[in-house]
Amino acid sequence: MAISHQPVMVDEVIQYLITIPEGIYVDGTVGTGGHSLEICKRIAPKGKLICLDIDSSSIQLARERLSPFGDRVKIIKESYVALDRLLKRIGIDRVNGILLDLGLSSYQLESAGRGFSFIKDEPLDMRMDEARGVTASELVNTLSVEGLQELLRVYAQERWAKRIARAIVEERRKGPITSSRQLALLIEASIPAKYRPRKRHPATRTFQALRIAVNGELENIADFLEKCPSLLVKGGRVVVISYHSLEDRLVKQAFHQRKKENISPRKLPVFPDANPSLMTALNRKGLRPGHMEVNVNPRARSAIMRVAERTYNE
Ligand SMILES: C[S@@+](CC[C@H](N)C(=O)[O-])C[C@H]1O[C@@H](n2cnc3c(N)ncnc32)[C@H](O)[C@@H]1O
């Protein structure tokens, strides 16, 4: 299968992530392996790359693509939230760099057949890990009007949350909502024509909110950020690319914690592993892709990359 996903901000990722070519690196969201391919080309034969993803079909594609690198790469179906346990299991204490490229890949959007997109009519599933959790269809068919409204407000800041929530509950009285097109059409109809956004489909925000809720995306990021400092060697780096303001806010808060709490580096707390303040943000504002990249790859438009380095020993 031809791989449609173009990795975002590749040069910047390589520049910040790889501090020593012989190091051990983790791509926590390997997807179809775009970033990992470039990382593999840059690390030494003695270096290692551990790749994780929770989407079996993406993992399969990444495996084929990264096979020329042999033992240098280890690809495992696992959540990046479980990286601490995984490293322990495979006998690695700490790593030199971790990459998270959040969100959804173009492959998942276009070809996974799980209702991430409303361009094609697909079953309303939206789970990245098909073996686990509640589907988007289960959420839209069981949540109350208030529950749906809250979901759309919190995860998507959807102005028409109340109308959409009511329309969903009304529709499901006739029968369950099971397909992406069915949901998209009903969202479109629930927003007054003159207020429908012109540049994107009116259902875009709702779909994004459902995906975030179904996959526990914000909880996962928060969980990872808390553990992250204890997984890195001194001088090791974490690179996170976010596509949503709520994701980026979590990353920013974690990386800038020391500043916020005004803790002097010399007065670090007694339990350093549990404290993200061991990290120093390497870019205050976050990096954005250049115009050229956005022109070639419109998906990069909303990307923001933040990097932090583990600067202190315990
Ligand atoms: C934007 S894509 C990554 C694309 C990849 N960097 C590339 O260049 O091909 C995000 C990936 O993160 C995966 N993902 C989402 N949540 C995850 C989690 N908790 N643990 C591991 N992977 C996750 C998704 O399945 C998806 O494949």
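## Around the ligand

By class, the shell around the ligand holds 14 polar, seven nonpolar and three charged residues; here Ala, Val, Leu, Ile, Met, Phe, Trp, Tyr, Cys and Pro count as nonpolar, Asp, Glu, Lys and Arg as charged, and the others, Gly among them, as polar. This is a predicted model, in which local features need pLDDT of at least 70 and side-chain atom pairs count only at pLDDT 80 or more, while totals for chains, interfaces and linings use all residues. Residues are numbered from 1 along each chain as its sequence is written.

The ligand is surrounded by 24 residues, and P7, T29, G31, G34 and D101 are the closest; a residue is near a molecule if its C-beta atom, placed from the backbone, lies within 6 Å of it. Two elements, α2 (34-42) and β2 (48-53), each give two or more residues to this shell. Helices (H or I, at least four residues) and strands (E, at least two) are DSSP runs, numbered from the N terminus.

Let's look at α2 next. Its buried residues are G34, H35, S36, L37, I39 and C40, where buried means that 20 or more other C-beta atoms lie within 10 Å of the residue's own, with C-beta atoms placed from the backbone. Among the elements covering them are α1 (10-17), β1 (24-27) and β4 (95-101).

In β4, seven of its seven residues are buried. The table shows how this strand pairs; two strands pair if DSSP finds at least two bridges between them.

| Strands | Sense | Bridges |
|---|---|---|
| β1 and β4 | parallel | three bridges |
| β4 and β5 (residues 232-242) | parallel | six bridges |

V26 has I98 of β4 as its bridge partner, and V95 has L232 of β5.

Note on methods: Buried ≥ 20, exposed ≤ 12 C-beta atoms within 10 Å, placed from the backbone. Contact = placed C-beta atoms within 7 Å.
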